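This briefing is for a reader new to the structure. Please look over the sequence and the model before reading the points below.

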Amino acid sequence: MADAELGFTQSLWSATAEEAPKTGALSGITNAGVVIVGAGFTSLSAALHLVEAGQSVVVVESQKIGWGASGRNGGQVNLAFDVLPSGIKAHFGKKRGDRVLKLIDGACDLVFELIERHTIKCAHRRVSYIRGAYGKRGLAEVER
Ligand SMILES: Cc1cc2nc3c(=O)[nH]c(=O)nc-3n(C[C@H](O)[C@H](O)[C@H](O)COP(=O)(O)OP(=O)(O)OC[C@H]3O[C@@H](n4cnc5c(N)ncnc54)[C@H](O)[C@@H]3O)c2cc1C
């Protein structure tokens, strides 16, 4: 079995996820308001929100649902973001930076809202987490 296949079949996702819905290959002509490429967390969330907003959506995936990083990650829902808020504002400017920060700030809540709204059976737990820091500089960075 190839490494990529092993990484998926031996993942936490594969060991614990509900069976994926049956899907089929596209054939003939399919019409949709929006076509989304890839069936990971990002695209499936986008698809869900578009459908809720009344759009018709087709998701195309070349492998399996969750095949990418979404099916291989540690399953932690936290705000471990590598860039400081000041770095985000420096990159996006104040107005867009503030919107990005608001988006990040609400991301964990959104995950748990989706789990509850759609009764997703994923053994979720909302707990605290420890963010370690090395040395005074590391501590100052975490505090910022
Ligand atoms: C080892 C690891 C651990 C991680 N741990 C965490 C964690 O604990 N918490 C956390 O929040 N984040 C974690 N992450 C990050 C998180 O998993 C990713 O940010 C997230 O899964 C990205 O989702 P995505 O939908 O954007 O991409 P992906 O899940 O990678 O989905 C992309 C999909 O697109 C498909 N695709 C690509 N090209 C095409 C094409 N041309 N046609 C059709 N389909 C295509 C792929 O097959 C894939 O299924 C981790 C990542 C890794 C790698």
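The points below go through the strands, the ligand shell, the helices and the loops in turn.

The model is a predicted one. Strand 1, helix 3 and strand 2 form a right-handed β-α-β unit. Around the ligand there are 20 residues, and helix 3 contributes the most to that shell.

**The β-α-β unit**

- Strand 1 covers residues 34-37 and strand 2 covers residues 57-60.
- The two strands, strand 1 and strand 2, pair in the parallel sense, with 4 bridges.
- Within this pairing, Val 34 stands opposite Val 57 of strand 2, and Ile 36 stands opposite Val 59 of strand 2.
- Helix 3 (residues 41-52) belongs to the unit together with strand 1 and strand 2, and the unit is right-handed.
- Helix 3 has 12 residues and reaches 16 Å from its first C-alpha to its last, close to the 16 Å expected at 1.5 Å a residue.
- After helix 3 comes Gly 54, which has a positive phi near 95°.

**The shell around the ligand**

- The residues that come nearest to the ligand, out of the 20 around it, are Gly 38, Gly 40, Gly 68, Ser 70 and Asn 73.
- Helix 3 supplies 3 residues to this shell, the most given by any element.
- By type, the shell holds 12 polar, 6 nonpolar and 2 charged residues.

**Helix 5**

- A bend of about 45° occurs in helix 5 at Ala 107.
- Gly 106 is one of the residues of helix 5.
- Gly 106 counts as exposed because it has 11 other C-beta atoms within 10 Å, and 12 or fewer is the cut-off for exposed.
- Gly 106 and Leu 79 are 27 residues apart in sequence, and their C-alpha atoms are 9.6 Å apart in space.

**The loop between helix 5 and helix 6**

- Thr 119 follows helix 5 and is found in the loop between helix 5 and helix 6.
- The phi of Thr 119 is near 45°, which is a positive value in a residue other than glycine.
- Thr 119 counts as exposed because it has 6 C-beta neighbours inside 10 Å.
- Ala 123 also lies in the loop between helix 5 and helix 6.
- The phi of Ala 123 is positive too, near 50°, again in a residue other than glycine.
- Ala 123 has 7 C-beta neighbours inside 10 Å, so Ala 123 counts as exposed.
- Val 127 has its place in the loop between helix 5 and helix 6, where helix 6 covers residues 135-143.
- Val 127 has 8 C-beta neighbours inside 10 Å and therefore counts as exposed.
- From Val 127 to Leu 26 the separation is 101 residues in sequence and 41 Å in space, C-alpha to C-alpha.

**The loop between helix 2 and strand 1**

- Ala 17 lies in the loop between helix 2 (residues 12-16) and strand 1.
- Ala 17 counts as partly exposed because it has 15 C-beta neighbours inside 10 Å, a number in between the cut-offs of 12 or fewer for exposed and 20 or more for buried.
- Ala 17 and Ser 62 are 45 residues apart along the chain, with 20 Å separating their C-alpha atoms.

Conventions: Residues are numbered from 1 along each chain as its sequence is written. This is a predicted model: local features need pLDDT of at least 70, side-chain atom pairs count only at pLDDT 80 or more; totals for chains, interfaces and linings use all residues. Two strands pair if DSSP finds at least two bridges between them. A crossover is right-handed if, with the strands pointing away from the viewer, the path from the first strand over the helix to the second runs clockwise. A residue is near a molecule or strand if its C-beta atom, placed from the backbone, lies within 6 Å of it. Ala, Val, Leu, Ile, Met, Phe, Trp, Tyr, Cys and Pro count as nonpolar, Asp, Glu, Lys and Arg as charged, and the others, Gly among them, as polar. The bend at a residue is the angle between axes fitted to the seven residues ending there and the seven starting there. The expected span of a helix is 1.5 Å times one less than its number of residues.
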